[in-house]
Amino acid sequence: MTLTPESRVLLTDALRPPAGHRVDVVVGTTYSLDLTALLMAPLSFAVSEQVDGDVERVDPIRMLEAVRRHAEHTTVFVQAGGIHVPSTYRSVLTFLEDTVVEVTAPREGAIFHPKLWAVRFVGPDGTATHRVVILSRNMTFDRSWDTALVLDEAPDGAVDAAPAADFVRALPARALRALSTAREDQVADLSTTLASVRLAVPAPFTGGYLLPIGLDGTDVWPFPERAKRLLAITPFLGRPAVRALARVADERTLVSRPESLDMLGSDAVDGWQATVLQRQAEVEPGGDIDAVPPVRTELETRTGLHAKTFVVDLPDGTSATVTGSANLTYAPWGRNVEFGAVLTGPTRACGVASVLDGSSGVAGLASLLQDHAPSSAQGVPDPAIATSLEIEQFHRVLATLLPVAHVRRLDDERAEVTVTVDVPPDAPGTTRTWLASLPDGHAQALAPTTRWTLAHLNVTPFLVVETTAGAGDARVTRRCVLKTELTGDVDRRRHDAVFDVLRSKQDVLRYLLFLLGDPSYDALLAELAGTGETGFHPEATGTRQDVALLEPLVRAIGRDDDALARVASLVEDLRAMPNGHELVPDNFDVLWDAVWLVHQEARR
C-alpha cells in the first residue's frame with residue numbers, strides 16, 4: 001500500500017493471479033455494485049494484460065468465456081439496495097446473477113459497508129496461495145480518490161489472516177436468500193484455508209493486524225488515547241466522532257470533502273487543520289472544474305475524495321496507519337459492518353510527515369490539498385439528506401421483502417414476466433419499477449403485481465426501483481437495482497445468452513480457443529479477431545486462414561480436464577440447437593469426437 005498521489009492501483013490489477021496461477025475461489029464485499037464493473041473481475045482473472053475498465057473495448061467472446069469460467073467460483077456480497085442501474089444491459093450478465101448476493105447489516109438501520117476481497121489461487125503444482133485486498137472503493141466505475149491494500153500470503157508474514165477468514169465465514173448468514181450448497185461450501189472452504197495463513201505487509205510497514213467491524217456486535221476504536229500527531233482522511237463526518245478523535249493529538253490534520261466540512265461546521269473542527277483536495281485533483285483531464293455535483297450519501301460518491309485512512313504518530317517513534325472502509329461518522333466503530341487493517345512501522349517512513357510531505361523525488365499528499373474553512377460555526381444542513389436516507393432505507397426494505405419474478409413462455413420469441421412484492425403502506429413519495437434489461441420507458445408504478453412482455457433474452461432477475469420524494473430543496477430521486485427470485489420457464493436462459501454472442505462459425509472458432517485457454521494461441525486469437533475465416537483444418541499450415549485446434553485439444557488431454565469439459569458443454573449445446581450445425585466449424589465434429597474418445601479412454 002502507498003499513499004503517494006502518483007500511485008495508481010486498479011481493482012482488476014489487485015485481483016489478477018500471480019504468474020502461472022489460476023483463480024480458485026473469490027469472495028468479495030461491497031456497499032455499492034455496478035453490474036458492468038463486476039464483469040471486469042472475471043476478465044482480470046483470465047487476461048494477463050491490464051484491463052482498463054472500458055467494457056466497450058473488450059472482446060465480447062473473450063468476456064463471455066471469462067465470465068462463464070469464473071462466475072461459478074466468485075461470490076460478491078452487496079448491501080441490499082446498493083446495486084447501480086446499468087447504463088447498458090448485456091446478456092452475459094445472466095452468468096453473474098448467482099454471483100451477486102444481497103445482504104443486510106445485523107444492527108437495525110445500519111449498513112453493510114466493507115470492501116474486502118479474499119482470493120485463493122492455485123499454482124501449477126496444485127499448491128494454494130491466498131490474497132486479501134482491503135479497499136475504500138466499492139465495485140463501481142467511480143473516479144474517486146481511494147486506497148487499496150494488497151496483502152499476499154507469505155510464510156513469515158506479519159499479519160494473521162484469521163480475522164478475515166472469520167469475517168468471510170460469517171457472510172452467508174447475512175444473505176437475504178440462502179446461497180446454493182456449492183457456493184456456501186466454497187465460502188466455508190476458503191475460510192478454512194485462509195484461517196491459518198500469514199500475510200506480508202507492504203514496505204515500509206513492518207507489522208499490523210486486520211480489523212473486522214460490525215458483524216459480531218463488538219465496538220472497535222483502534223486509536224490510542226494520546227499521540228504526537230494525527231492525520232485523518234475521510235469523506236464523511238459526524239460531530240461526535242470528529243470530537244472523539246480530536247482528543248488523540250493536539251497537532252492534527254483533517255482531509256475531507258468541502259460539503260462534508262460545511263455541513264459539520266467550524267465548531268466541530270476547532271483545533272484541526274481542515275483541508276480538502278484541490279479541485280484540479282478531483283476532475284479528469286479536460287473536465288469542468290466548476291461542475292461540483294452534490295454528494296449527500298456514500299452511494300452518490302462518483303468523484304473526489306473517497307479514501308478512509310488515518311495515520312497516528314506514536315510517542316515511541318512508530319506510527320500506525322488505519323485503512324479500510326470506515327468513515328469518521330460514528331465513534332466507536334461497530335454500528336455499520338466494515339473491514340480494515342492497522343499497519344505499523346517507523347514514523348520516519350510511515351508517519352504523518354511522510355504522507356503529507358512525501359520524500360525525495362516523490363510528492364506528498366499536501367501538494368494536492370488546500371485549506372477549507374466551513375461556512376458557518378454550526379454547519380449548514382442539507383435538507384435533501386434526510387430524504388436520501390429515507391429513500392435508501394425504503395429500497396433496503398423492499399429488498400428484504402424478497403420480490404419474485406415469474407416467467408411464462410408465450411412463444412418462441414416472447415415471455416411474460418410477472419413481478420410480485422409486498423408494498424409497504426408507508427412508502428415515501430412515488431416509486432416506479434422496470435426490468436433492468438428494458439429502457440425506463442417501460443417503467444410502471446410500484447404495485448403488488450406488475451407485468452412485462454419481452455424477448456426471452458431480456459428475462460432478468462434484476463429489477464430497477466426508482467423513488468422520488470420530498471419537496472423543494474429536499475426533493476430527491478434515487479434509483480437502484482433489486483434482485484428478484486426467478487421462477488417459471490427459465491431453463492434456457494444461459495443457453496440463449498451464449499448464442500447471443502456466438503453468431504457465426506468464426507465466433508465459435510475463437511470461443512473454442514478461449515475455452516482451451518492455451519496461451520500459445522494468443523497471437524492466433526488476435527489475428528482471428530480480424531479475419532472472416534470459418535473453417536477448421538486439422539492439417540493447418542499455421543497461416544492466417546488456417547486455424548489449427550488440433551494441437552491445443554490434444555495438449556488438453558490429461559493436462560486440463562476442465563478445458564475439455566468446457567468444450568464438451570459447448571458442443572452439447574450446439575448439437576441440441578435446431579440450427580447448431582450452421583455454427584460448427586467445418587470438419588470440427590469429426591476431430592472432436594476422436595479427441596473426446598481418447599480423453600475418456602485416458603480417464604479409465
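Entry 1, the loop residue. I looked up arginine 90 and found it in the loop between strand S2 (74-79) and strand S3 (100-103); helices (H or I, at least four residues) and strands (E, at least two) are DSSP runs, numbered from the N terminus. I am working on a predicted model, where local features need pLDDT of at least 70 and side-chain atom pairs count only at pLDDT 80 or more, while totals for chains, interfaces and linings use all residues. Residues are numbered from 1 along each chain as its sequence is written, and side-chain values use heavy atoms, with hydrogens and water left out.

Is arginine 90 buried or exposed? I get a relative accessible area of 17%, so arginine 90 is buried (under 20% relative accessible area; exposed is over 50%, partly exposed in between, with a 1.4 Å probe and protein chains only). Next I listed its contacts (heavy atoms within 4.5 Å). Leaving aside neighbours within four places in sequence, arginine 90 touches Thr36, Leu39, Val55 and Glu56. I also noted that a polar atom of the arginine 90 side chain lies 3.5 Å from the backbone oxygen of threonine 88.

Entry 2, strand S26. I checked burial along residues 462-469: 8 of the 8 residues of S26 are buried, so the strand is largely enclosed by the rest of the structure. Phe462, Val464, Glu466 and Thr468 point one way, Leu463, Val465, Thr467 and Ala469 the other way, and all are buried.

Two strands pair if DSSP finds at least two bridges between them. I found S26 antiparallel to strand S23 (residues 430-435) over 6 bridges, with threonine 433 partnered by valine 465. With strand S27 (residues 476-483), S26 pairs in the antiparallel sense over 8 bridges; here valine 464 has valine 481 as its bridge partner, and threonine 468 stands opposite threonine 477. S26 and S27 form a hairpin with 6 residues between them, and glycine 470 in the turn has a positive phi of about 85 degrees.

Entry 4, the whole sheet. I traced 4 strands in an open antiparallel sheet, in the order S24-S23-S26-S27. Strand S24 (444-445) and S27 stand at the edges with a single partner strand each, so one side of each is left without a neighbour in the sheet.

Conventions. Polar contact = N/O pair within 3.5 Å; in protein donor to acceptor, adjacent residues only side chain to side chain.
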